Amino acid sequence: MGFLIDTCIWIDVERGFLAPADIAGITRDEPVYLSPVTIAELKFGAEVAASAGLRQKTLAAIHRLKK
């Protein structure tokens with residue numbers, strides 16, 4: 001089967017409100033998917049980030065998610 005993870009979950013992981021282990025505890029060995037809309041929302045949020053440091057950190061996280 002698999003899990004489609006929404007934008008708000010990835011934002012909570014990036015901000016430290018959820019640990020990657022929390023997600024893994026729910027999804028177990030099932031595949032985790034991102035929709036094109038979720039990727040676009042995350043990229044948009046990174047592009048409008050106030051600081052260059054946050055922008056780079058967020059874009060790097062998005063790159064890791066797409067692998």
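This is a predicted model: local features need pLDDT of at least 70, side-chain atom pairs count only at pLDDT 80 or more; totals for chains, interfaces and linings use all residues.
Residues are numbered from 1 along each chain as its sequence is written, and side-chain values use heavy atoms, with hydrogens and water left out. Local features require pLDDT of at least 70 and side-chain atom pairs count only at pLDDT 80 or more, whereas totals for chains, interfaces and linings use all residues.

Helix H3 comprises residues 36-47; helices are DSSP runs (H or I, at least four residues) numbered from the N terminus. The end C-alpha atoms of H3 are 16 Å apart, in agreement with the 16 Å that its 12 residues should span at 1.5 Å a residue (1.5 Å times one less than the number of residues). Thr38, Leu42 and Ala46 of H3 are buried (under 20% relative accessible area; exposed is over 50%, with a 1.4 Å probe and protein chains only). Seen down the axis of H3, the buried residues fall within an arc of 70 degrees, so they line one face of the helix; the arc is taken over the directions from the helix axis to the C-beta atoms. Pro36, Val37, Phe44 and Glu47, on the other side of H3, are exposed. The cover over the buried residues of H3 includes helix H1 (7-15) and helix H4 (52-65).

Thr38 has a relative accessible area of 2%. Neighbours within four places in sequence aside, Thr38 is in contact (heavy atoms within 4.5 Å) with Ile5, Asp6, Thr7 and Trp10.

Ile5, Trp10, Leu42, Ala46 and Ile62 form the largest nonpolar core, of 5 residues (buried Ala, Val, Leu, Ile, Met, Phe, Trp, Tyr and Cys residues joined through side-chain atoms within 4.5 Å).

Conventions. Helices (H or I, at least four residues) and strands (E, at least two) are DSSP runs, numbered from the N terminus.
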